[in-house]
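Biologist: I am new to reading models of this kind, and I would like to learn how each feature is defined before looking at the case itself. Could we begin with contacts along the chain?

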Amino acid sequence: AEPPRRSYSVTLLPGDGIGPEVVSVAKDVLSLAGSHEGIEFRFSEMPIGGAALDLTGVPLPEETLAAAKESDAVLLGAIGGYKWDSNEKHLKPETGLLQLRAGLGVFANLRPATVLPQLIDASTLKKEVAEGVDLMVVRELTGGIYFGKPRGFGTNHEGEEIGFNTEVYSVSEIDRIARVAFEVARKRRGKVCSVDKANVLEFDTIVTNNIFGDILSDEASMLTGSIGMLPSASISESGPGLFEPIHGSAPDIAGQDKANPLATVLSAAMLLRYGFGEENAAKRIETAVIETLNRGFRTGDIHSYGTTLVGCKRMGEEVLRSVDSEK
Ligand code: ATP
Ligand code: MG
C-alpha cells in the first residue's frame, strides 16, 4: 500500500510590491518539492499590508490572523509601498506585520547568512574572507531594550538630566531562545556562540538578544551582498512559524517580473526544515536553488558577466526543473 502522505496547511500572505511575484514562485516550488517527498500542502491565500488596507481598511484583517493561526505555517512575501507611506502609524502596512508577529507569538528569528560560491562576486567581502561564510543568527524577538521598562528621563545624583532604558530578560525567555539555538545548531555544525561581548570565534549559530540580533543579522546579510537571496524564519513556542524573505517589497521593480524569488524559495525550505522537520524536502529545494545557479541563471540583482539574465517567473521555472531533475 502507498505510505500515508504527510499533509500540512500553509497560509500564503503575498502582501505588496514584489511579494505576490515571489510568493507565487515559492508556492510552486514548495508543491513540487513536497510531491517528490510524499508531502502535500493545503494552501490558503490571505491579504496583509497595503493590499489588505485597500481591501478592508486595516493592515491585518481578523480573518488573515485567524487563518494564519489555524495553519501549520505561514509564508509571507513583503509589505509596504510608496502608496501608503504617508498613512498614519496604525494604518501603515508595516503595522500589519508587527501585529502578525505578535499574534503568532513568534519569539525567535532565524537568519542564515550564506555566501554561495556561485555568488561570491556579489559579496562585499574579499573573496578569501567571503569564501565559506555560512552562519545562522538566532535573534530574540519579543524582549530586550525595544520593550524595556522602566525607561524615561530623570536626574542623576549630580542633578544632571539623564535618559534611561532597561534590558530585561526572564529566565524562561532566555531558556526558550537558547533551546531554539541549540536545536538549530544540532541541524547544522553543532556550534553555538552566545553574543554578549566581542568574541573571536568561528561562528556557526549565534544566539543573541533582540537588539544585537537586529544589528548582527543586518551585518551578516551585507556579507552575502545579495538581499534577494536571504530567507528568514520566525518561530513560536508551539504554533505556526512565520517564514519570509528578509528583503522588502522593492516597489521600484514590482510588477515587472524582475524580482529575485530565491529568498522566498529558500524561506520555503526553512519552512519545511524548521516548521515541519521535513529535512529531505528542505534539502531538495536548497539543492535545486544551487543547481539553478550552477546552470547559470541569474536575476538582475545577482547578474554578472557570463551568466544568463532571467526574470522572476523564468527563475521559478528553472528551479522547478532543478527540483524535478534531482534523484
Ligand atoms: P524594508 O521594506 O524591509 O524596509 P527597503 O524598503 O529598505 O526594505 P527593499 O524593499 O528590501 O528595501 O529593497 C531595497 C532594494 O533592493 C529594492 O529597491 C530593490 O531594488 C532591491 N531588491 C530587494 N529585494 C529584491 C529582490 N527580491 N530581487 C531583486 N531586487 C531586490
Ligand atoms: Mg520597503
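Modeller: Two residues are in contact if their C-beta atoms, placed from the backbone, lie within 7 Å. In the protein chain, residues 24 or more positions apart account for 72% of the contacts with a separation of 6 or more. Please keep in mind that this is a predicted model, in which local features need pLDDT of at least 70 and side-chain atom pairs count only at pLDDT 80 or more, while totals for chains, interfaces and linings use all residues. Residues are numbered from 1 along each chain as its sequence is written, and chains are lettered from A and ligands numbered from 1 in the order in which they are written.

Biologist: How many helices and strands are there in the protein chain?

Modeller: Helices (H or I, at least four residues) and strands (E, at least two) are DSSP runs, numbered from the N terminus. By that reading the protein chain has 10 helices and 13 strands. Its radius of gyration is 20 Å, close to the 20 Å that the globule rule gives for 327 residues, so the chain is as compact as a globular protein of that length. That radius is taken over C-alpha atoms, and the globule rule is 2.2 Å times the number of residues to the power 0.38.

Biologist: What share of the residues in the protein chain is buried?

Modeller: A residue is buried if 20 or more other C-beta atoms lie within 10 Å of its own, exposed if 12 or fewer, and partly exposed in between, with C-beta atoms placed from the backbone. Buried residues make up 44% of the 327 residues here.

Biologist: Which residues touch the most other members of the largest nonpolar core?

Modeller: A nonpolar core is a set of buried Ala, Val, Leu, Ile, Met, Phe, Trp, Tyr and Cys residues joined through C-beta atoms within 7 Å. The largest one holds 82 residues, and Val29, Leu75, Val138, Phe243, Val265, Ala268 and Ile285 touch the most other members. Helix α8 (residues 262-276) gives the most to this core, with 10 residues. Leaving aside residues up to four places away in sequence, Val265 touches Val25, Ala26, Val29, Ile285, Val289 and Val319.

Biologist: Where is Val289 placed, and what covers the buried residues of that helix?

Modeller: Val289 lies in helix α9, and it counts as buried because it has 23 C-beta neighbours inside 10 Å. The buried residues of α9, among them Ala281, Ile285 and Leu293, have a cover that includes α1 (19-36), β2 (39-45), α8, β12 (297-298) and α10 (312-325). The expected span of a helix is 1.5 Å times one less than its number of residues; for the 16 residues of α9 (residues 279-294) this should be 22 Å, and the end C-alpha atoms are 22 Å apart, which agrees.

Biologist: Is Ala250 buried or exposed, and which residues are closest to ligand 1?

Modeller: Ala250, found in the loop between β11 (241-245) and α8, counts as buried, with 24 C-beta neighbours inside 10 Å. Its phi is near 40 degrees, a positive value in a residue other than glycine. A residue is near a molecule if its C-beta atom, placed from the backbone, lies within 6 Å of it. Of the 15 residues that surround ligand 1, the closest are Gly228, His247, Gly248, Ala250 and Asn260.
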